[in-house]
Amino acid sequence: MTFRRYMVLVAVMVTAAFGDTFLSAGMREVGPVSFHHLSTLFSALQVPWIVAGIVLLTIFFASYLAALSWADLTFVLPATSFSYVIIALLSQFWLHETITLARWAGILLITLGVGFVTRGPSYTETNVKIASLEHAAEADSSSAKERSA
Amino acid sequence: MMTHTNNFVVWMAIAAIVVLATAGDVFMAAAMRQIGDFDAVRARSGMKGAILAVIGNPKFLLGVFCMALSFFSLLFALSRADVSLVAPAAAALTFVTNAFAAKWILKENVDRRRWFAAVCVCIGVFLMSF
């Protein structure tokens with residue numbers, strides 16, 4: 001894990017938290033959606049908060065995919081779960097929902113889980129992967145021989 | 001805001017979010033594992049080539065389809081309940097289903113450290129719904 005990769009994980013946390021909170025602010029403007037008028041969900045796409053939320057969640061998605069290309073799902077998910085702590089803080093200070101004692105306990109446990117998993121290995125090397133790496137190394141050394149010949 | 005019927009509908013919507021999100025995560029993780037280190041792919045075939053490699057991957061497309069359905073379930077749930085209930089509740093359940101799916105389908109090495117982290121986060125996220 002390099003510094004750059006940790007920054008990608010931070011981007012995943014921040015964009016996920018702000019994206020979800022923006023969606024929530026937007027859906028409050030839209031109001032309850034009923035089963036019989038599911039098309040209301042499409043009109044939600046015209047609310048600025050929803051659009052901003054979607055933009056952030058798009059950035060989230062790109063960072064998330066990049067993280068999955070060099071780390072396991074069971075590493076990336078707990079490591080980025082700090083976004084739920086950010087959501088809790090945003091929903092208290094911006095949307096004026098209340099943080100109870102149980103929520104603070106939850107925040108503590110999530111932080112603990114994040115700290116724990118990020119200290120472990122990030123990727124399961126598969127046999128196929130190792131074989132292809134060896135193959136690439138062989139190809140490299142043979143082309144080096146050709147060059148020197 | 002919460003009535004009994006609304007409560008049931010909200011939890012059914014949360015169940016839909018969880019199942020669809022797990023399927024989406026597993027498909028996308030499998031796709032990215034198949035494609036390999038994104039930075040290396042980008043160095044080899046440029047940003048455009050790397051994006052095409054992702055978008056052209058059938059597993060990735062299946063994952064996106066599941067995620068899109070999960071997203072509309074999320075919007076539906078958010079219109080009926082607070083984000084501080086819906087997002088943590090759906091996420092807590094998704095952590096457990098994902099850990100099992102990663103172990104059995106993706107064959108990831110889910111060691112004791114990862115189980116502990118998944119359970120910590122799951123309980124923590126669950127506590128946040130109070």
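Colleague: How are α3(A) and α1(B) oriented to each other?
Modeller: This is a predicted model, where local features need pLDDT of at least 70, side-chain atom pairs count only at pLDDT 80 or more, and totals for chains, interfaces and linings use all residues. Residues are numbered from 1 along each chain as its sequence is written, with chains lettered from A in the order written. The axes of α3 (residues 48-70) of chain A and α1 (residues 4-35) of chain B come within 8 Å and cross at roughly 60°. Angles under 35 degrees count as roughly parallel, over 145 as roughly antiparallel, 65 to 115 as roughly perpendicular and the rest as oblique, so the two helices are oblique.

Colleague: Which residues of α1(B) make the contact?
Modeller: Contact requires C-beta atoms, placed from the backbone, within 7 Å. From α3(A) come A:Leu65, A:Leu68 and A:Ser69. The α1(B) side supplies B:Met28, B:Ala29, B:Met32 and B:Ile35.

Colleague: Is A:Val117 buried or exposed?
Modeller: A:Val117 sits in helix α6 (residues 101-118) of chain A. Buried takes 20 or more other C-beta atoms within 10 Å, exposed 12 or fewer, and partly exposed is in between. A:Val117 has 26 C-beta neighbours inside 10 Å, so A:Val117 counts as buried.

Colleague: How many residues of α4(B) are buried?
Modeller: Helix α4 of chain B covers residues 83-104. α4(B) is mostly covered, and of its 22 residues the buried ones number 16.

Conventions
Axes are lines fitted to C-alpha atoms, for helices over the stretch in contact, and angles run from 0 to 180 degrees between N-to-C directions. Helices (H or I, at least four residues) and strands (E, at least two) are DSSP runs, numbered from the N terminus. Two residues are in contact if their C-beta atoms, placed from the backbone, lie within 7 Å. The expected span of a helix is 1.5 Å times one less than its number of residues.
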